[in-house]
Each structure stands twice: as C-alpha cells, then as structure tokens.
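Hi there,

Here is the model I promised to pass on. My notes on it follow below.

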Amino acid sequence: MKKILITGGAGFIGSHVVRRFVSRYPEYHIFNLDALTYAGNLENIKDIEANSNYTFIKGDIVDEKFINDLFGIHNFDGVLHLAAESHVDRSIEDPLRFVKTNIIGTMNLLNVAKNQWKGNFDGKRFYHISTDEVYGSLGNEGLFTEKTPYDPNSPYSASKASSDHFVRAYGETYGLPYVLTNCSNNYGSHHFPEKLIPLFINNIINNKLLPIYGDGNYTRDWLFVEDHAIAIDLVFHEGKNHETYNIGGFNEWKNIDLVRLLCKIMDGKLGREKGTSEKLITYVKDRPGHDLRYAIDASKINRELGWKPTVTFEEGLEKTINWYLNNEDWLKNVTSGVYQDYYKKQYS
Ligand code: NAD
Ligand code: DAU
C-alpha cells in the first residue's frame, strides 16, 4: 500500500483533496498532517475520518525533528504539500509567521524528503501547491502563463514565491522529483469566513456590513474548489516531473460585480426584498499593495493533461451558497471558536 502524506488537510482546499484521495484511492493510505492553526478545522473532514485508509496527525511542518521522525517511520511515497498561512491580510499584520510556515516549513519538508529518500527517487513525488499571486499583478490585459516572471507584492505571495523557488532548487540540485501548480482564487464549501466569498455570505446571513476594499474594481479569477482538487489529483498522478502547471477558472470577476451578484442570489434564497443585501455594501480603506488583477492561462494543463473546470460559476456559486445555508452550524462553530475543540473531543 502506498503511503501518501498530505499537509494542511484540515484547511479549505486540503480537506477537499484529502476527501477525494481517501475515497478514490483505497490502495493508498492517506496521512493528513496539520497543525490545526485557526484555519484548520477537523469538522471539514469528519465524513471520512473513520475510513481505514486515513490517519490524522497533528503536527507542525516547521518542526524539523518531528517531520524527520515522521518520515523515518512511514517513508512516504508521495507528498502533497498544502499547509500554509494563506490569508493576504494576515500576512500584512504578521509577515514573520508566513516566513516560518510557508518558507521554513516547506524547506523542512523538502530537506527531509530528500534525505529520507536517499537519492532513490523511484516512484516518489513531491507536489507543491502554490498560488498565482507569485506572478504579481496584471494590468487590464493579458494572462499569467507558466513563463510569467515572479513579481510578488504581499508578504504572503513573497513567501509562496520563495517556497516555489526552493522546490525548483531541490529539483535542480538534488534531483528531487517535484511537480508544482499555481492556482487562482478558489471558492466553495468549508472556506474560512475571512476570505471574500465566505465572509460576505456570512455577513449577509447576519445582516452585517460588506467591506469592499478601495473602489472594488479589483479582479480575481475564481475556480470551484472541487475542480482544483480534480486538477491536483491529475497533476499528482500524470504531471511530468520538474514541471509547473497553472490552474485557473477562466472566470474573471471584478470584486464589486461579484458581490452584487452574491447579494442578489442571497436576497432570493433568504426571501428578502430585492436590493436588501446590497445596502450592506460599504467601501473601506484599501488593502496596502493590493494587486489589481489576477487571471490564469490554464492552456498547458488543458493541453497536456486534459483538465478544464467542470462546474460553471453559476453552478459553483449556487452549490456554495446552498452549502453555507444548509450548514449554519459549521459557520456558527467557526465564528464562535467551538470548532477548535473537535480535536480534543475526537483524538485525545
Ligand atoms: P487554509 O488556510 O484554509 O488551510 C491551511 C491549512 O494548513 C490549515 O489546516 C492549517 O491548520 C494548516 N497549517 C498552517 N500552518 C501549518 C503548519 N506550520 N504546519 C502544519 N499545518 C499547518 O488554506 P487554503 O486556502 O486551503 O490553501 C491551501 C494551499 O493552497 C496553500 O498553500 C495556499 O497557498 C494554496 N492556494 C490557495 C488558494 C485559495 O484560493 N485559497 C489558491 C491557490 C493556492
Ligand atoms: O489568487 C489565489 C489567492 O487567492 C490565494 O493564494 C490566497 O490564499 C487566497 O486567500 C486568495 O487571495 P486574495 O487576496 O485574492 O483573496 P481574498 O478573499 O482575501 O480577497 C479577494 C478580493 O476581495 C481581493 O481583491 C481583496 C478583496 N476583499 C477581500 C476581503 C476579505 C475585499 O474587498 N473585502 C474583504 O473583506
């Protein structure tokens, strides 16, 4: 049985990847390693936690001895590395946290994998999951390709860019078999309500203000998280070693247009008079160093691996909103902090 380590599997994207791998690949044993920071929530994957091919391990990727011992015990065949500090606003408040987790943590995993695999890389693979933010900001034209030079602007994107460079360096210098993907903005279920879409859904439900940074004309390329998980599965199994693939939704929205659409759908779902939620929109001080526009050219992964999004934005948004409305307990547990007791209740 192959042993696969997934880091950050209690987070938003990681939980979708863990669920997919545990249910699709009974021939693998999936080890989910997560430090359970504020962003880690074991309720995200409680539906698969009893599966016999799944083990949760609480631990910090920055802890050198711990990661080395863990690898020593299991000698993993593959690593899918998603653990990270992921929120741009938090990186502006506490950049060092991002350096520790995103740079040192990634370095630590790379180094341990290299040392434990001892140059025998047959059947081994290190998959680093990264972001389109490493490319910086687009103007009104053009798309990010795999050849776009790195030009990160926030402490978050600088830390992800640095970790990407180390992954490539380990490939070039030590021959570590890696694949790397840079993806655009994800949305979907189990998304922590600090990011635009889940925050605004939660605020609309609770009649709270919707803070739009700056003039709201910033553009993001949105991808349904389950389509990202499909792409990750494909790249892990069929991607070429030492290659990078961009992943995106072909789905650009200005923040203000997206928020207006969200307000309209939510008014309908909540039986509120048309225009009610839009009144909650409030323009606030801009995010420092705010990138104007991200948009991905995902033609390489489409051409070489046959991936494209399966869900339209209308379908994805509908599924996402319905999930939050049908899982108000999840939202309440997250906003009250109760979710952080889950590990104690289930595992100790
Ligand atoms: P998230 O913040 O929801 O989850 C991150 C997970 O990592 C959490 O479970 C957290 O507990 C865990 N973690 C944090 N620090 C850790 C540490 N030191 N040791 C072990 N675990 C730790 O993040 P997400 O949005 O699911 O993003 C996952 C990955 O995908 C990140 O690497 C991110 O950069 C990348 N990414 C995210 C998006 C997006 O739109 N969310 C888009 C492209 C790429
Ligand atoms: O592009 C991929 C990246 O997308 C990922 O690497 C990051 O982990 C992920 O957090 C996301 O980064 P963004 O900064 O684009 O996402 P966020 O949801 O924080 O913001 C989306 C846009 O909405 C951005 O232009 C800022 C704006 N915004 C955000 C919040 C939280 C607001 O106007 N108001 C808000 O309250």
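Let me begin with the strands. Strand β2 (residues 28–34) runs parallel to β3, and five bridges join the two. N32 stands opposite F56 in β3. Strands here are DSSP runs of E with at least two residues, helices are runs of H or I with at least four, and both are numbered from the N terminus; two strands pair if DSSP finds at least two bridges between them.

Before going further, the ground rules: this is a predicted model, where local features need pLDDT of at least 70 and side-chain atom pairs count only at pLDDT 80 or more, while totals for chains, interfaces and linings use all residues. Residues are numbered from 1 along each chain as its sequence is written, chains are lettered from A and ligands numbered from 1 in the order in which they are written, and side-chain values use heavy atoms, with hydrogens and water left out.

The open sheet has seven strands in the order β3-β2-β1-β4-β5-β6-β10, with parallel pairing. At its edges are β3 (54–58) and β10 (243–247), each pairing on one side only. From one strand to the next the twist averages 20 degrees. Helix α1 packs on the sheet, in contact (heavy atoms within 4.5 Å) with β1 (2–7), β2, β3 and β4 (78–81), and its direction makes about 160 degrees with that of β2. Angles run from 0 to 180 degrees between N-to-C directions, using lines fitted to C-alpha atoms, for helices over the stretch in contact.

Now ligand 1. There are 28 residues around it (a heavy atom within 4 Å), and I13, D34, S86, Y156 and K160 come nearest. Among its polar contacts (N or O pairs within 3.5 Å), an oxygen atom of ligand 1 lies 3.0 Å from a polar backbone atom of F12, and another pairing, at 3.1 Å, involves a backbone N or O atom of T37. On its own ligand 1 has 830 Å² of accessible area, and the protein covers 96% of this (Shrake-Rupley, 1.4 Å probe). β5 gives the largest share of the shell, three residues.

Around ligand 2 there are 24 residues, with S86, T131, D132, Y156 and R287 nearest.

Best wishes

Definitions and conventions: A polar contact is a pair of N or O atoms within 3.5 Å; within protein, one must be able to donate a hydrogen and the other to accept it, and residues adjacent in sequence count only if both atoms are side-chain atoms.
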